[in-house]
Amino acid sequence: MRRLLLGWELLRAEGVRGMQERLADRRATLAQRRAEKEVSLGELLEPGARIAVLDVLATPLAPRFGGVPTQLGPRLAEEERLRPTALLSPEADGWTLHTVRRGARLRARLGPCRGSVDPRDGLRADVPTVVEAATRIGAGVVNLEGLAGWPPDALGSLANGPRKLVLSLHDFALYCPRPNLVEEPHGRFCGYSADAARCRACLAASWPLPAGFVEAWRRAAGALLASADAAVYPSEFLRRQHSALFGVASRLERVIAPPAPGEAPADSSTGSPASSGGGKEPFHVAFVGAYRPHKGALVFEELLGRHSGSAARPVRWSIYGSGDPGLLLRAKGLGARVRGHYRAGGLVRRLREERVDLALLLSVWPETFSLTLSECRAAGVPVLAFEHGAIADRVHAEGGGVLVPLEEGAAGVDGALRRLLAGELELAPLRGNRAEPSASQAAVERLALYRELLGEAP
């Protein structure tokens, strides 16, 4: 009954196309599963065979579970062309070990996933399963793809052991159990708070944590980062910020940009959107990405209430992405057209086909790379975003966007949009190397890192 109610809410909020896109995602995931042959653990590898690297993902490898599996999927597909692969991930409340070797796709179950949402427990009880999986395939490297859900003190046993440990960081999970650093109940970015009382009050909105928990978490996280054999960051921003927060570094550090889903069109240049259409057609502004508070849904809602139109040019509002059905319905009531869920790799085509002039990336937390920005780049659509995190770094370096101070909120976004429409503010075209990161490039860089850790010749 709960699923039926959720389905009805999503249908009302996102419409038929959004539901069709969701179903297409599910069918693709099922097709991938059917391509694997389920075997016993003893049948995964031939006697004497081994797979050098074990990737560990705390969610199923499906785009609906967020940006980490979305970027890992294409990269892992490319890595399969270069080396045998092994992925440990949960599926239907149980850990499953997936291997690809010499074209054979196999899967075997390792037992229940005992993870908890409580950060005191998290995936602590599942660390022995990681060790078992690595032992069974003879892995010399364990790569944790994302740290959300893993208590840092529990991972200490994986460091300084018989295998090399790689931490692939995608957010601030090492710094806080709330990895996007959005302070509750206020819904604002905490500014990397180091105030123990303030942090305890924020986390208490979700979990009854004991005094000293956050301090102990960060001590263990710093020790883990220092003892890891390598840390991989999606952006120089995240590497720089971890260095500032912890004052330590792993033995090896690499910045490997995640691949954007889908393929870029040949022409991905951007210009000044205010001049397109000769001012006759409505200026198409789209909120792009997950429509949730930490991604800026409430900022967009306030913007809809503020912006009653422009003498320079009328505005048409859209939302591309799934999210909270209640928030989406409220946005509809304020005049936005909800385009709903889109499949990974499908945003580029939709932005171009539906002639979006400007994309809004309004995350209130500092994004650590932003696959959505990569897709906007590929579509040739300029962006308006808050000036923080990796998005700000990329816009400063590459052009193709306007940045607004975070503290100005919806008022600042509204002001910048009005100046764009009036021709008082121009968007510089993308400059320098416009090529977006590719899955093959990411796979090659990963392989080079693993070979270095294992002492293999390139």
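This is a predicted model: local features need pLDDT of at least 70, side-chain atom pairs count only at pLDDT 80 or more; totals for chains, interfaces and linings use all residues.
1. Start with the open sheet: six strands, all paired in parallel, running S14-S13-S12-S15-S16-S17. S14 (337-340) and S17 (401-404) are the edge strands; each has a single partner, so one side of each has no neighbour in the sheet. Going from one strand to the next, the twist averages 25°.

2. Within that sheet, look at S12 (residues 283-288) and S13 (residues 315-320), a parallel pair joined over six bridges.

3. Next, helix H11 (residues 389-398). Its buried residues are Gly 389, Ala 390, Ile 391, Ala 392, Arg 394 and Val 395, so do note that an arginine is on the list. Those buried residues pack against helices H6 (236-246) and H10 (371-379), as well as strands S15, S16 and S17. Just after H11 comes Gly 399, with a positive phi of about 80°.

4. Finally, the cysteines. With a cut-off of 2.5 Å between sulfur atoms, the disulfide count is zero. For Cys 199, the nearest cysteine sulfur belongs to Cys 190, 6.2 Å away. Cys 199 counts as buried because its relative accessibility is 8%, under the 20% limit. Cys 202 is in no disulfide either: the nearest cysteine sulfur, that of Cys 176, lies 6.1 Å away. At 9% relative accessibility, Cys 202 is buried too.

Definitions and conventions. Residues are numbered from 1 along each chain as its sequence is written. Side-chain values use heavy atoms; hydrogens and water are left out. Two strands pair if DSSP finds at least two bridges between them. Helices (H or I, at least four residues) and strands (E, at least two) are DSSP runs, numbered from the N terminus. Axes are lines fitted to C-alpha atoms, for helices over the stretch in contact, and angles run from 0 to 180 degrees between N-to-C directions. Buried means under 20% relative accessible area, exposed over 50%, partly exposed in between (1.4 Å probe, protein chains only). Contact means heavy atoms within 4.5 Å.
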